Amino acid sequence: MKPLSDLVVLDFTHMLSGPYGTMLLADLGAQTIKIEPPGTGEGTRKLLATDPEHSRDGMGAYFLTLARNKRSVCIDMKSEEGRAVFYRLVERADVIVENFSPGVARRIGIDYKTVSAINPRIITCSISGFGNDGPGMNRPAFDMVAQGMGGGMSLTGEADGRPLRAGIPIGDLGGGLMGAIGILSAVHARSVTGKGQHVDISMLDAQISMLNYMATMYLLSGRSPGRAGNGHFVHVPYDTFRTASRDLIIAVITDNFWASLVELLGDPDLAQEKYAGQPGRLADRAFIDERLQQHFLTKPCEYWLEKLEARRIPCAPVNELSHALSDEQVRARNMVVSVGLPSGTVVDMPGNPVKMSDYASEEFTPPPRLGADTDDVLARLGGFSEADIARLRQQGIVA
């Protein structure tokens, strides 16, 4: 048993934002059933699927990761009879998730108004670029659009360089994460009210929320913090520094950390009283960063990490993926997991970041073959007989 094992999720998501949100639910045990068009399946199945380096058994890295722990049912939602089959599933489901453009859910009959008439306890969640209302609701959006419009790109990059998107797709992932939070909030509310509701997630909203205190800084002062490379708008030193090997991160947030760093380096210029407090360090950031850079270049990163960690000064290496995914802390917390495919191939991928004291066991099932679970789900959840399923399959309603 996992914490969400009694939750039935009907998953219409595709690409990244929606599938990431439902992956989080599936990892926590939700019975997550992908509803896919017969023949083709949803679009994520095609991403990198023919790339020899980044695919296994005809599935690309996207689908291998995002579709784990899920099941697949093929229903022709364009047909009236196909929708009737789907509505049988709705009767016993808890959640419907989609990340179509606004209006598509209503057109294919999976919107909250339609499905709540069948099951008043149902929760629907839409994840879109700009939400279900407002003047920009119909604009198309993918990750970089959300990052750019959300203001985060204006804060990312070197001060004299161009705005940059984050290296990981936080526009998409932020929408999926907020979707999972919203769904679980609606599930809790239902336990009080007995009634479902619609959860409306905008990728742009998520990016604005993630600006957090930097947005408040602007709204207070009228001045944008701007780009500062890897530096910080408030704290000094807080940056990456080159060493004799790989780059090193120093994150001095408090004056006590600074005093420990000065003691380690033994540099009288850095030990000046004016640098003992944050205002003095911020005013002379360029000198401090340059002097620290001179020190750190003299030894490899591993030397500095040992010395800094001994004094409990916040620090880290700038890891390549090879380092990050082999880190002993990452491995100790099961954050790289091995998922076996039906062919016997084993694929390693990121684990589940939500660790719960009563649910220590973590198991991951492989991504489903297209339509692999149609018969079982229609019989178990929809109450269809073998003869019914055979007829629907023959008519091309299910596959």
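1. Arg 88 lies over the face of Phe 384, at 3.9 Å from the ring centre. A charge is taken to sit over a ring if NZ of Lys or CZ of Arg is within 6 Å of the ring centre and within 35 degrees of the ring normal.

2. The model is predicted, so local features need pLDDT of at least 70 and side-chain atom pairs count only at pLDDT 80 or more, whereas totals for chains, interfaces and linings use all residues. Residues are numbered from 1 along each chain as its sequence is written, and side-chain values use heavy atoms, with hydrogens and water left out.

3. Across the whole structure, seven aromatic pairs are found. One of them joins Phe 86 and Tyr 87, a tilted pair at 5.9 Å centre to centre with 55 degrees between the planes. Rings of Phe, Tyr and Trp (its six-membered ring) pair if their centres lie within 6.5 Å; planes under 30 degrees apart count as stacked, over 60 as edge-to-face and the rest as tilted. Phe 86 and Tyr 87 also belong to one aromatic cluster with Phe 12 and Phe 100. Phe 86 counts as buried because its relative accessibility is 0%; buried means under 20% relative accessible area, exposed over 50% and partly exposed in between (1.4 Å probe, protein chains only).

4. An open sheet consists of three strands in the order β9-β10-β11, with antiparallel pairing. Its edge strands, each pairing on one side only, are β9 (238-241) and β11 (315-317). From one strand to the next, the twist averages 15 degrees. Strands are DSSP runs (E, at least two residues), as are helices (H or I, at least four), numbered from the N terminus; two strands pair if DSSP finds at least two bridges between them.

5. Four bridges join β9 to β10 (residues 248-251). Within this antiparallel pairing, Phe 241 stands opposite Leu 248 in β10. Helix α13 (residues 301-310) lies across β10 and β11 and runs at about 160 degrees to β11. Axes are lines fitted to C-alpha atoms, for helices over the stretch in contact (heavy atoms within 4.5 Å), and angles run from 0 to 180 degrees between N-to-C directions.

6. The search of the whole structure finds zero disulfides, a disulfide being a pair of cysteine sulfur atoms within 2.5 Å. For Cys 315, the nearest cysteine sulfur is that of Cys 301, 8.2 Å away. Cys 315 is buried, with a relative accessible area of 19%, and Cys 125 counts as buried at 1% relative accessibility.
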